[in-house]
Amino acid sequence: MDPIDLPTIVDRCRAGDGPAWEAFVRHFQGRVFALAYSYVGDREDARDLAQEIFLRLYETRAQWLAGDEFLPWLFRVARNRSVDYLRRKKVRTPAATAGEEEMERLVDTAPTAETRVLESDRRGLLHAALRGLSAINREIVVLRDVHGLSVQQVASILAIPLGTVKSRASRARIELAERVLALSRGRSET
Amino acid sequence: MIASTCDALRAAVIDPLERPGGGLTRPDVAAHLRNCPDCRDWLEAFRKGTAAWETEPSGALADRVMAATTGLDDLLRELPALAEMDPGPGFAERVLLATSQSPAPDGWHTRLAAAWWALVRRPRFAWEVAYVAIVCWVLIFGNPVRAWEWGASTVTAAARERLSGPVSELGADVESWRQRWMPGEAQAGSAPPGPRVENPVVQAWQAGARQIERARASVVRIMEAAWTGVSGWIRRVVDVIFPPRTEPDAEAARSAQ
């Protein structure tokens, strides 16, 4: 990801600057797509979802938060959109916030043929291990360890207590490490 | 060295989130647990005392600690690489095309303009404009059909006059047919002729026309009064700005003297 002057880009996008919006899309497309992929686990669905997220961002660009609050807000928008997308895929009525149990039901963890091919490399192995986590643990690891948000920001985005994020993050990392080791062993044996 | 290894292992067990691995490898941890009875006891006490981990089967905790402390460092270094994925060729263009086709409303003026254009681009907008224009015309200037001496009452009167012959002949034919084929019914249905009743459609039309005429007269009266007031005000303003010249008359009077 090339470095950009994010505050300037955000300000120009808020003012309706077309080239700034294009720069924003090109800069964040990989990140938004990766986040969408972590929710839906399928490249085609992730592309549609990422486009929806960008459309939502474009529609609300006049209300973008400025400064340090922008990235957490972007992730919150992307997360809410992803949950809504999963709900629609399951033909469910959208609601404001998805709880932990609901997320467990929403996420489809069955790997597709494409994802099986992708999992042939190390990244694919990590994705496979992530998909094996529970939905809330996966969200915490993705937001905290993959995208580098702080514990407070993760708690705010997921609307759960700070202590829950800390304890969950600890257990989720251990669980992920176990799954990675298990998958690695399984591949080396085959 | 031993004390620092104990501290690192315990810190990693207590809070693997903040101190993943504690700098220890899996063989280090295993060797240390074999040689350090304090840490074995501590780990056992930790296992028993930690409510969240009480349900772990015997030996599972040690395995989990191993997994967490040995592979976690590398894993945490690898995870940020997943923050970006290539969405494939043409994705940004697709997004930009979608957003260019649906411009987002920024302020109230943009929203107003967008709403106006959405209204104008509807197929029936021309019909609506024509309807509103005709209503306004009739309210202000009266019924143009009547003004051309071709109102509905004129039409109905002309139609009644022209069609009276054929209609009465047709009525006589129908009456004779009824008397021939349904004599009882014809007698029962033949009511005595009463006063002539005007067609209700024509009555409604005439009543509406009278209402419209009254409304038009009111509007015209109001507009005339308003124009009189405005024109008087304009005249006064013009008089103030450009006062009527009196000097030439004075000079003329002096020259006459």
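Start by selecting chain B: its secondary structure comes to twelve helices and zero strands, where helices (H or I, at least four residues) and strands (E, at least two) are DSSP runs numbered from the N terminus. This is a predicted model, so local features need pLDDT of at least 70 and side-chain atom pairs count only at pLDDT 80 or more, while totals for chains, interfaces and linings use all residues. Residues are numbered from 1 along each chain as its sequence is written, with chains lettered from A and ligands numbered from 1 in the order in which they are written.

Stay on chain B and color by burial. Buried residues make up 11% of its 257 residues; buried takes 20 or more other C-beta atoms within 10 Å of a residue's own, exposed is 12 or fewer, and partly exposed lies in between, with C-beta atoms placed from the backbone. As for contacts (C-beta atoms, placed from the backbone, within 7 Å), take those in chain B with a separation of 6 or more: residues 24 or more positions apart account for 59% of them.

Now switch to chain A. Here you'll find ten helices and zero strands. Buried residues make up 39% of the 190 residues in chain A. Of its contacts between residues at least 6 apart in sequence, 57% join residues at least 24 apart.

Next, zoom in on H1(A), residues 6–14, and H2(A). Their axes come within 8 Å and cross at roughly 130°; axes are lines fitted to C-alpha atoms, for helices over the stretch in contact, and angles run from 0 to 180 degrees between N-to-C directions. H1(A) and H2(A) are therefore oblique to each other, since under 35 degrees counts as roughly parallel, over 145 as roughly antiparallel, 65 to 115 as roughly perpendicular and the rest as oblique. Show side chains for Ile9(A), Arg12(A) and Cys13(A) on H1(A), and for Ala20(A), Trp21(A), Ala23(A) and Phe24(A) on H2(A): these make the contact.

Move along to H7(A) and pick out Leu126(A), His127(A), Ala129(A) and Leu130(A), which are buried. They sit on the same side of H7(A) because they cover an arc of only 160° around the axis, the arc being that of the directions from the helix axis to the C-beta atoms.

Last stop: bring both chains back. The contact between them takes 37 residues from chain A and 31 residues from chain B. On chain A's side, H2 (18–40), H3 (43–59), H7 (122–132), H8 (135–146) and H10 (162–189) each supply at least two residues.

Definitions and conventions: Two residues are in contact if their C-beta atoms, placed from the backbone, lie within 7 Å.
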